[in-house]
Amino acid sequence: MSSEEETSQTSTPSSCPPPSSSPAPASHLIGRKEDIVKAGRLIKTVNGCREILVLYHQGTLHAMDLRCYHAGGPLQHGDIEEFNGRLCIVCPWHKYKITLAEGEGLYQAVDDPTVKPLRTHWRSKGVKQRIHKVTEVKGSVYVTLNDCSEAIESDVYQTERYRTGSIQARTKPKP
């Protein structure tokens with residue numbers, strides 16, 4: 001990697017190894033870093049079909065599918081919080097916690113519900129949200145889509161059927 005290129009966030013889900021001899025996937029220009037930093041969050045449609053959320057938090061750029069894996073909640077309105085030392089976006093609809101780096105769903109588990117007081121700890125549900133690679137080159141931010149062929153739950157909300165229905169619901173005039 002040259003000194004002019006910085007990778008701001010490079011994690012990909014560990015459940016999907018990189019393809020062995022495939023060419024590198026295309027990067028998509030998102031915008032200028034200074035504009036994203038100022039806005040904090042940006043929604044972008046990539047490849048004409050994939051809606052992603054690009055956000056800047058604590059000096060790092062992150063990219064993920066726009067809609068929560070659980071029920072399609074709008075993650076652009078979610079708060080960023082730390083759970084057990086891991087930064088997460090919290091879905092505004094049902095409070096699902098999704099790690100920014102890996103896309104893991106986190107939940108509070110109780111090992112023995114008969115022991116009082118209850119002792120909870122954070123556990124992972126595994127990768128649920130598709131996370132994309134963000135790269136900065138000379139002040140421009142690019143996203144390389146996570147092209148893992150293994151299905152991830154957030155993929156459901158990237159279908160044409162869902163996007164069309166979602167757009168229609170948002171544009172219906174209120175009585």
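**Salt bridges in a predicted model**

Arg50 is buried, its relative accessible area being 16%. Keep in mind that the model is predicted.

**Exercise 1.** Work out which side chain Arg50 meets in a salt bridge, and where the two partners sit.

*Solution.* Start with the contact: Arg50 pairs with Asp155, at 2.7 Å from N to O. That passes the test, because a salt bridge needs the nitrogen within 4 Å of a carboxyl oxygen.

**Exercise 2.** Find the salt-bridge partner of Glu102 and decide whether Glu102 is buried, partly exposed or exposed.

*Solution.* The partner is Arg86, with 2.9 Å between the closest N and O atoms. Glu102 sits in the loop between strands E8 (97-99) and E9 (104-110), and Arg86 in strand E7 (residues 86-90), so the bridge ties together parts 16 residues apart in sequence. Now the accessibility: Glu102 has 28%, which makes it partly exposed. Arg86, at 26%, is partly exposed as well.

**Exercise 3.** Take the salt bridge between Lys128 and Glu153 and sort out how accessible each partner is.

*Solution.* The two side chains come to 2.5 Å, N to O. Lys128 has a relative accessible area of 16%, so it's buried, the cut-off being under 20%. Glu153 reaches 37% and is partly exposed.

**Exercise 4.** How many salt bridges does the count come to?

*Solution.* Applying the rule gives eight salt bridges.

Notes. Residues are numbered from 1 along each chain as its sequence is written. This is a predicted model: local features need pLDDT of at least 70, side-chain atom pairs count only at pLDDT 80 or more; totals for chains, interfaces and linings use all residues. Side-chain values use heavy atoms; hydrogens and water are left out. Helices (H or I, at least four residues) and strands (E, at least two) are DSSP runs, numbered from the N terminus. Buried means under 20% relative accessible area, exposed over 50%, partly exposed in between (1.4 Å probe, protein chains only).
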